[in-house]
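Hello,

Here is the structure I promised to pass on to you. Have a look at it first, and my notes follow below.

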Amino acid sequence: MTTPSTATVRTGIRPISVGRRVKDRVVQVLICLAFVLALIPLASVLWMVVKNGMQRFDLEFLTHSMRNIGARDVGGGAYHAIIGTLQQVLLASLIAVPIGLLTAIYLVEYGNGGRLARTIGFFVDVMTGVPSVVSGLFVLAFWILVLGMPFSGFAGALALSILMMPVVVRSAEEMLRLVPRELREASYALGVPKWRTVVKVVLPTAFTGIATGVMLAVARVAGETAPLLLTVFFTDSINNDPFNGPQMGLPLYVFDQAGRPTDAAIDRAWSGALTLILIVMLLNLVARLIGWWRSPARKGS
Amino acid sequence: MTGAESTPEVEPLQYGSAGAPESGSALREPPGELDRGETGGPAMRRAARRRAVGIGGARGDGPFRFAATAAGAVLLAIMAAIGAFLVVKAVPALRANTTNFLTELTWQPNATEPVFGIGALAFGTVLSSFLALVIATPVAVGVALFISHYAPRRLASALGYVVDLLAAVPSVVYGLWGIAFLVPFMLEPSRFLNRYLGWIPLFGGDQVVGRSMLTAALVLAIMILPIIAAISREVFLQVPKAQEEAALALGATRWEMIRMSVLPFGRPGVISAAMLGLGRAMGETIAVALIFPATFTVTFQVLGPNGNSIAANIANGFGEATETGRGALIASGLVLFLITLLVNMGARLVIARRKEYARAAA
């Protein structure tokens with residue numbers, strides 16, 4: 001780029017001054033530093049969770065509940081919390097995925113950018129910002145205090161589904177928009193009505209992308225604690241019925257154990273955190289694998 | 001496939017104004033669509049035409065369209081219901097309150113004479129979130145620039161995924177990490193700040209502890225960094241290539257190119273990303289509930305043993321709350337909901353106004 005200072009030919013191109021070059025270097029170093037700085041907490045968190053979590057991460061931990069475990073006892077496990085988390089997240093998905101998917105279909109196929117579609121689109125965006133604790137408070141006020149239902153896993157699932165819906169809508173909408181218009185037109189040209197086109201042509205084409213989005217949404221809500229605290233409450237026993245009585249959830253378990261003063265409880269909290277991170281990372285991985293396996297996004301854009 | 005290549009030349013079939021669904025921007029308004037109402041849309045007319053020609057099977061279209069519209073309406077209804085039910089359950093507690101809810105600092109709603117106010121909690125929420133924002137934004141912009149303009153192309157998306165992993169760690173794990181690692185770790189740097197920068201009111205005070213406002217703000221900063229970085233990255237990637245190349249062709253260094261073409265273009269996007277991060281920091285509950293010492297004082301000395309937030313107070317106070325206590329917590333949640341709603345709507349309006357950011361909404 002720069003001409004050497006000994007050049008005899010006058011090209012009119014002057015070398016970049018030292019000051020500018022130094023500034024460029026300094027900024028480059030700063031930006032790389034910012035990236036490294038962002039990775040430090042991630043590495044630290046993962047390392048501590050794995051190191052401390054391995055101490056109690058055994059078969060007893062995965063297959064026992066906290067029933068009859070005294071305040072100072074060692075032992076006990078998170079079986080009841082794992083069961084609770086799986087049931088709550090499954091129920092939340094059963095509520096959030098159909099509503100989210102249908103909303104995305106409305107926005108892409110039927111909305112036509114009308115006033116209602118724009119309003120819904122805007123509020124879906126705003127809804128992604130609803131604090132998790134507020135969704136918990138809403139279910140508490142509506143489901144438990146006004147309707148008089150008991151604390152239960154289902155109430156927790158309701159709160160989680162509110163957090164899940166906007167994520168599902170956004171990712172599904174993006175995937176549906178990537179389906180080539182020619183596919184729809186070919187279907188219309190064959191005389192297939194619109195709804196069958198959506199169900200038989202558009203959705204299968206976008207399926208992998210939508211599945212990825214759903215898995216990411218599940219991973220997001222699986223780690224939420226605050227809404228569970230207000231709707232599922234605590235229990236130390238196994239409760240297999242998500243519709244009746246307090247349940248436990250893994251995040252809640254970690255929060256509960258972390259607040260107890262003994263070392264055994266702190267160890268259990270770390271093992272719970274390790275289990276939780278494993279579940280969340282596994283869901284993330286599955287999501288990425290589905291996306292990588294056959295992604296319309298990759299071909300579409 | 002020769003068919004696929006020849007399709008762009010074929011004129012799309014036109015049924016009046018009823019083309020196939022637009023695959024482009026949702027912001028576009030088809031002419032005359034707005035005032036026709038929702039029922040007699042193009043799909044219905046097309047279905048009617050088909051039936052007249054004798055091709056059946058369109059019967060399901062009405063119900064399907066209705067179900068899709070209803071699902072969208074349910075989302076709107078939920079947003080409205082959140083506000084409505086929080087108000088319904090907050091009002092009795094606010095009636096029972098013996099002081100002004102907005103200015104009172106203490107929080108004793110479980111007493112026989114309930115005294116509670118949002119003052120100290122709202123202050124703590126705003127202060128900790130702003131501190132987190134001040135810490136996170138420069139780093140996040142640096143990360144976004146690194147991924148969009150500095151990292152090797154091949155690695156860029158993988159590195160972006162690694163940063164996104166920060167967001168995948170559950171907040172309760174950050175809380176656990178905070179009390180086990182960050183609180184003891186922050187003691188020395190805090191003492192250092194207090195000794196040498198104590199003349200700044202923010203770092204002043206006589207007492208320096210690990211469980212401080214600053215530590216909580218740091219955890220919040222880590223948690224909001226990925227969202228700010230992700231949106232900024234998307235915005236930076238959408239800078240017109242021609243502008244960047246023009247700057248480089250005029251002899252600009254990489255940093256000068258970024259300063260002249262990337263940053264001006266991305267500024268509104270970065271601002272709204274920061275606002276989304278702010279909203280998230282305000283609503284963050286469990287991590288800060290574990291770290292905050294849960295006091296009810298209003299002070300700017302971020303190194304001292306003070307700090308609380310609306311969300312943390314809800315998590316800590318819910319267990320032993322009486323009926324009025326629950327109402328009071330719901331009232332504080334309503335305030336939190338309204339604050340985050342305003343912040344988020346502001347941020348979304350900035351993003352939505354610019355078409356080129358359409359894909360950046362995370």
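Let me start with how chain B is divided: it has domain 1 (39-96) and domain 2 (115-360), with bounds that come from an automatic or database domain assignment. Please keep in mind that this is a predicted model, in which local features need pLDDT of at least 70, side-chain atom pairs count only at pLDDT 80 or more, and totals for chains, interfaces and linings use all residues. Residues are numbered from 1 along each chain as its sequence is written, while chains are lettered from A and ligands numbered from 1 in the order in which they are written.

The C-alpha centres of domain 1 and domain 2 of chain B lie 36 Å apart. Where they touch, ten residues of domain 1 of chain B are in contact with eight residues of domain 2 of chain B (C-beta atoms, placed from the backbone, within 7 Å). The domain 1 side of that contact has eight nonpolar residues, one polar and one charged. Here Ala, Val, Leu, Ile, Met, Phe, Trp, Tyr, Cys and Pro count as nonpolar, Asp, Glu, Lys and Arg as charged, and the others, Gly among them, as polar.

Within chain B, 73% of the contacts with a separation of 6 or more are between residues 24 or more positions apart. Of its 362 residues, 45% are buried, meaning that 20 or more other C-beta atoms lie within 10 Å of the residue's own, with C-beta atoms placed from the backbone.

Finally, the contact between the chains takes 91 residues from chain A and 92 from chain B. By class, the chain A side has 60 nonpolar, 15 polar and 16 charged residues.

Best wishes

Key:
Buried ≥ 20, exposed ≤ 12 C-beta atoms within 10 Å, placed from the backbone. Contact = placed C-beta atoms within 7 Å.
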